[in-house]
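Subject: Structure handover

Hi,

Here is the structure for you to look over. My notes follow below it.

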Amino acid sequence: MEQRHLGRTGLRVSRIGLGTLTWGRDTDEHDAADLLKTFWEAGGSLVDTADVYGDGEAEYLLGRLIEGLVPRRELVISTKAGSVPDPERRFDGSRGHLLSALDASLARLGTDYVDVWHIHAFDPYTPLEETLQALDLAVSSGRARYAGVSNFCGWQLAKAATWQLAAPGTRTRLASTQLEYSLLQRGVEREVLPAALDLGIGLLPSSPLGRGVLTGKYRNATPPDSRGASEHLAPFVAPYLDDTATRIVDAVQTAADGLAVTPLQVALAWVRDRPGVTAPVIGPRNAQQLTAALSVEALSLPDEICRALDDVSAPVHRYPDHDWSTL
């Protein structure tokens, strides 16, 4: 698998990442082992997790697998901290919480360091410089090699990255940002992607297949074994089952038919090769789904197909994002 630099750093990662959102909950140890081995054997290196996935079980399971299945040195492990199970405060970006969470993640993963450590979301109740100081301490102590943020909007990302570049002292440059990005969700193009491109921050898109909808599996009905039929994941899929999504999914299917490939391959190739994207993070349920996704490695979409997909999925960006003089 082709390797790409993560933002403006020397770290190289596979251009497809393996996500572990459902590990330890919907994905058991046997399926997780098959996924990790298949991914690694295909040349994949970037494995993404978080301290809240499966209430910590995803990290614990990944730690058990890298102990005897895949060499630790051949993986780029990314984890996140900052989400908390508190309905009154969903995110805690305080230095104390974040560093404690990192130590707990390292214990579950059974490793001395993570390759990339992300702040899971912006915390409006903690000064941003305090949150960022946790990243500096994590890297300077060797517990994290690189640092990034997740679910930061455009101004939050720009402020955080600029602080790290301009504040006095030894600061850790932001390597990456992680947000949802697909043909069904192009909101990051409004402000996040321009900021990331300008500041040299690599984008790691989550849900690049539109929460599974872009594969076409929901075109006629909801498969009983799909996440859309799952009690706890159905609300996650539902927003992408509207008329707008249907029009985009139909266009992806048309493109796939013309290229003699699958809708999954078309949708994944589109987001993988967008400007500023380092590696989309996919979350297959089993090795069969993963193999189907990894087959996109040989596919590059023709320019005319990209333009057609861009047109049918184009978000409405008006003032002040586009040239205001034309409005």
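**Cavity and pocket**

The largest cavity holds about 30 Å³ of space. A cavity is a set of points on a 1 Å grid over the protein atoms alone, where a 1.4 Å probe fits but cannot get out. Points are joined across faces, edges and corners, and a volume is the space filled by probe spheres set on them. The whole structure has one cavity of 30 Å³ or more. The lining of the largest cavity is Ile119, Ala121, Phe122, Asp123, Thr126, Leu128, Thr131 and Phe152; lining residues have an atom within 4 Å of a point.

This is a predicted model: local features need pLDDT of at least 70, side-chain atom pairs count only at pLDDT 80 or more, and totals for chains, interfaces and linings use all residues. Residues are numbered from 1 along each chain as its sequence is written, and side-chain values use heavy atoms, with hydrogens and water left out.

The largest pocket has a volume of about 1200 Å³. A pocket is an open set of points with protein on both sides within 12 Å along at least five of seven lines. Its lining has 41 residues, with Leu21, Ser207, Arg227, Phe236 and Gly283 nearest the centre. Strand 8 (174–180), helix 7 (234–237), strand 10 (281–282) and helix 10 (287–294) each give two or more residues to this lining. Helices (H or I, at least four residues) and strands (E, at least two) are DSSP runs, numbered from the N terminus.

**Core**

The largest nonpolar core has 84 residues. Such a core joins buried Ala, Val, Leu, Ile, Met, Phe, Trp, Tyr and Cys residues through side-chain atoms within 4.5 Å. Buried means under 20% relative accessible area, and exposed over 50% (1.4 Å probe, protein chains only). Trp23, Leu36, Trp117 and Leu157 touch the most other members. Helix 9 (residues 263–272) gives the most to this core, seven residues. Apart from it lies another core of 10 residues, including Leu6 and Val13.

**Helix 8**

In helix 8, Ala245, Ile248, Val249, Val252, Gln253, Ala255 and Ala256 are buried. Down the helix axis they fall within an arc of 165°, so they line one face. The arc is that of the directions from the axis to the C-beta atoms. The face turned away carries the exposed residues Asp243, Thr254, Asp257 and Gly258. Cover for the buried residues includes helix 9 and helix 11 (303–313). Ala260 follows helix 8, with a positive phi near 60°.

Best wishes

Definitions and conventions:
Contact = heavy atoms within 4.5 Å.
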